[in-house]
Amino acid sequence: MKTSDVCLLCVSEGILTTEDEEIIKAKIEHKGERNGARELLGRIVRFPPGWFSTFLKVLQDTDHQVLYRDLTGESDGDDLKGKSDDDDPCLLIDGTKPPEGAVVMEEEATGGRSSDVPVDGTLNRSLTQSPLDLYNEEQVKNKEWTNGSDLSATGSNDITAAAAASKKDEIVLRDYQMEVARPALEGENIIICLPTGSGKTRVAVYITKEHLDLRMRDKQPGKVVVLVNKVPLVEQHYTTEFWKFLKHKYRVERVSGDSQLKISFTEIVKNNDIIICTAQILENFLDRSNNGDDEGVQLSDLTLIVIDECHHTQKGGVYNHIMMRYLKQKQRNVRLKKEQKEPVPIPQILGLTASPGVGGANKMEKAEEHILRICANLDAFRIMTRSLGAKKKEPHKNIATIEKRNEDPFGDVLKGIMNDIHVHAEVNPTCDLGTQNYEQWVVQKEQNAAKEENQKVRVCAEHLRQYNEGLQLSYTIRMCDAFSFLDKYHLEEMKKKVAPEVDPPIQITATERFLFNLFKENKMKLRELATHPEYENKSLSELRKKILQEFTGRETARGIIFTKTRRSAIALSQWIQENPKFEEVGVKACHVIGGGDQSVVKPMTNAEQRDVLNKFRNGEVNLLIATTVAEEGLDIAECNFVIRYGLVTNEIAMIQARGRGRAEDSSYTLVEVEGSGVAARESVNEYREKMMSKAIDKVKNMERVEYDKKITECQIQAILEERVRVTKKKVKGVRQESPSKVKFSCRGCSKPVCSGEDIQIIERMHRVNVSEKFSELFSQRENTSLQERLLDYETNGVVACKDCGKSWGSMMLYRGIECPCLHIKNFLVKLNEKTKNYNKWSELAIQFPPFDYIEHARMVAQNSEDEETM
């Protein structure tokens, strides 16, 4: 094929862009006609309906008669009309046939019209053969391409196959989905607010395709970024939605914090049409561009931004940082227009949410303000909602209130231990043991004692916090689980003191010896009480009854139990797996928890989360025990029962969790202990849900002039608040102290550790101390929660104080060099004669110098040479 001639005419006919032409010509120049032809075919099939017939005309006009005849000549294959109804590729959200009059979106690379297919039905042979996937690099590499007219023999089949390949997947929008999508199809910024499971993401795919198709027809570049707030959602949206339906026509890629591709995000954006990524990655590269660090990414590079779970577009959130850039540029564009200058292009915005919430409002006026603020933050022309009518699936709701247990000898022993510690530490709690208020009180005690260098109270407060958690666990899960937790804690604490790698051994203080002996004295009693089922909490009995009821009363049961903590999710999963009654009725349980490392419980990796959710989807697991990680966003198979086990947060979480039960005849149960206040908070959430619906209706029904005025006011206020925040940050930066003025001491024993002058920073994030003097102060032990990390460094172990065993941080292996990485929460920080506790390095107004890798590598190499010569 004379690729250059075909390319030139395709551009003039409007089925290739000038940008395509440049890329194809570059391919021909550098890699020859074959690669140029491959690139041309790969680009041409992504054009809107009608390209095929135009391409045939181009082949005629450029004297490619053999190729033209092969594409349009007679065929001996089966007639296309013989296709059975069973091959119909239409996909409804619920898997049913499309209703009459439904709007169908096809991957219409063939044009989707009879006029685009030769009337004699000669495409049939190509359709029945295995097609070349123009987006599969391996297939392309292995395919034999030839010059000139020899291309016709294989090329025709490949072209027609590519034309037909995208008929495999179609999207059918229901009437309500089409209605909420309409303003976005007209180019407006909107928020789509539909219940969980109603196909918001599918609507976003439809809007994305229509947006790119329109820009292609207008010969304008199109670039769509889909933002999510959780790493697992990147793969989910890519695989099940955007790539699945748009891969044959557009280049789709995904990038997350787990992906190596994030380092080349700028190139990913340049080379793809649709990019699904976590919001923080886009924000990082927008920031790079703004600061001039490198090319980065600019908002003007994008033409549509889809924001999933857009109710998070509020102060402090990464979504809001991105939208603040947008609003500032929008304001600058107003000024540019007044000055008769060309405005900077800004992308269209599409927000998706199941529930924007009310922002903690107690009055309708405040709820309305909250909805308007979210609309303003997203620059929404309208917030689109729609009643699902008969299609709406609301689960049956009931609340199971459990009486407090009459006897709790296990809890009484724990309270006795805690009171003994109170006497030893000479402290008097101001609230009931085993409550959230007590935990807040004891945390404050520990912080104050650390600042005052009162190690007796500090160590006692640490142990009291663990006993309080054990007490809370005994209220929700088995006593044996609470005992195991406390036993493991004391074993780990003892290990720190007597670890074999620590030489000389760490001195145990009198207070520590008292605390270890106190647990040892009560250990046997606690273990024995944990074996008495009559003392078990009644919540578990109610949960057992509810699970058995669901699995015996339904032909096929599939459910989720939401619980508060990672530890309780794991313990409940073990309890179910170890109980033969559950196995008898076919319960196959597994837990899914978050991936963050804020908790002392080892988090789940994204791969582990995906594995569990896939098993839940295919039926290997039919009961999921989850923390709040599963409430929002994750694609979880239809459930016919949802149980919230003593867990209530806000109205958004309630709506999201309830939305998981969307199968026919589903149920939603709240299990609460009498007097816990859980049912009361649920009632408040229900009230706020109704308030939210009314507030949305009020905003939707506002006169256009009034709505625009309020949105503009909110946006100006947000921009001004942002300016004040930035100014304060700059002033704080100016006032930053010299590193020499800050001193660090061990939080465990108050021993001086280092000065700020000894600390350097790696990748603007990790504070390390590689000084020789510091290396003499710590010992290294195994990191029990070590996780695989896809970065150019890894954590090898825990760095701890040689004197008291207090953890100081972790040992990083950075590009072959061991670097002790410090966690500021493990130190007392003295700045300008004031001692303070910090939880994050960002709270400390000190600018540490970057880590000098070359200098330190030279020192390490020199030391190694010195050791070898000795």
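**Figure 1. Salt bridges in the predicted model.** This model is predicted, and the structure holds 39 salt bridges. Side chains of opposite charge can pair when their charged atoms come close.

Figure 2. The closest N and O atoms of E21 and K25 are 3.2 Å apart.

**Figure 3. K27 and E39 form a salt bridge.** In this pair the closest N and O atoms are 3.1 Å apart. K27 is partly exposed, with a relative accessible area of 24%.

**Figure 4. E542 pairs with K545 in helix α20.** The closest N and O atoms of this salt bridge are 3.5 Å apart. Both residues belong to helix α20 (residues 538–553), where they are 3 residues apart, about one turn of the helix.

**Figure 5. W808 and F827 form a tilted aromatic pair.** A pair of aromatic rings is described by the distance of the centres and the angle of the planes. The count of aromatic pairs in the structure comes to 13. For W808 and F827, the ring centres are 5.7 Å apart and the planes make an angle of 40 degrees. Which parts of the chain does this pair tie together? W808 lies in strand β23 (residues 807–814) and F827 in strand β25 (residues 827–831), so the contact links parts that are 19 residues apart in sequence. W808 is buried, with a relative accessible area of 0%. F827 is buried as well, with a relative accessible area of 1%. Both W808 and F827 also belong to one aromatic cluster, formed by F744, F774, F778, W808, F827, W841 and F848.

**Figure 6. Charged side chains of R288 and R815 lie over aromatic rings.** R288 lies over the face of F285, at 4.3 Å from the ring centre. In the second example, the charged end of R815 sits over the ring of Y853, 4.1 Å from the centre of that ring.

**Figure 7. Helices α12 and α13 pack against each other.** Helix α12 comprises residues 279–291 and helix α13 comprises residues 318–338. Their axes are 9 Å apart, and the packing angle is about 40 degrees. That angle makes α12 oblique to α13. The crossing in which α12 passes α13 is left-handed.

**Figure 8. Helices α20 and α21 cross at roughly 60 degrees.** Helix α21 is formed by residues 566–578, and its axis comes within 13 Å of the axis of α20. At this angle, α20 is oblique to α21. Is the crossing left-handed or right-handed? α20 passes α21 in a right-handed crossing.

**Figure 9. T435 and Q472 come together from separate positions along the chain.** These residues are 37 residues apart along the chain, and their C-alpha atoms are separated by 7.1 Å. T435 is found in the loop between α15 (409–425) and α16 (436–451). With a relative accessible area of 26%, T435 is partly exposed.

**Figure 10. K219 and N832 have a positive phi.** Most residues other than glycine have a negative phi. K219 has a positive phi of about 55 degrees although it is not a glycine. Where is K219 placed? K219 is in the loop between α9 (200–217) and β5 (224–228), and this residue is exposed, with a relative accessible area of 53%. N832, also not a glycine, has a positive phi of about 55 degrees. N832 is found in the loop between β25 and β26 (834–836), and it counts as partly exposed, at 43% relative accessibility.

Conventions
Residues are numbered from 1 along each chain as its sequence is written. This is a predicted model: local features need pLDDT of at least 70, side-chain atom pairs count only at pLDDT 80 or more; totals for chains, interfaces and linings use all residues. Side-chain values use heavy atoms; hydrogens and water are left out. Rings of Phe, Tyr and Trp (its six-membered ring) pair if their centres lie within 6.5 Å; planes under 30 degrees apart count as stacked, over 60 as edge-to-face and the rest as tilted. Helices (H or I, at least four residues) and strands (E, at least two) are DSSP runs, numbered from the N terminus. Buried means under 20% relative accessible area, exposed over 50%, partly exposed in between (1.4 Å probe, protein chains only). A charge sits over a ring if NZ of Lys or CZ of Arg is within 6 Å of the ring centre and within 35 degrees of the ring normal. A salt bridge is a side-chain nitrogen of Lys or Arg within 4 Å of a carboxyl oxygen of Asp or Glu. Axes are lines fitted to C-alpha atoms, for helices over the stretch in contact, and angles run from 0 to 180 degrees between N-to-C directions. Angles under 35 degrees count as roughly parallel, over 145 as roughly antiparallel, 65 to 115 as roughly perpendicular and the rest as oblique. A crossing is left-handed if the near helix is turned anticlockwise from the far one by less than a right angle, and right-handed if clockwise.
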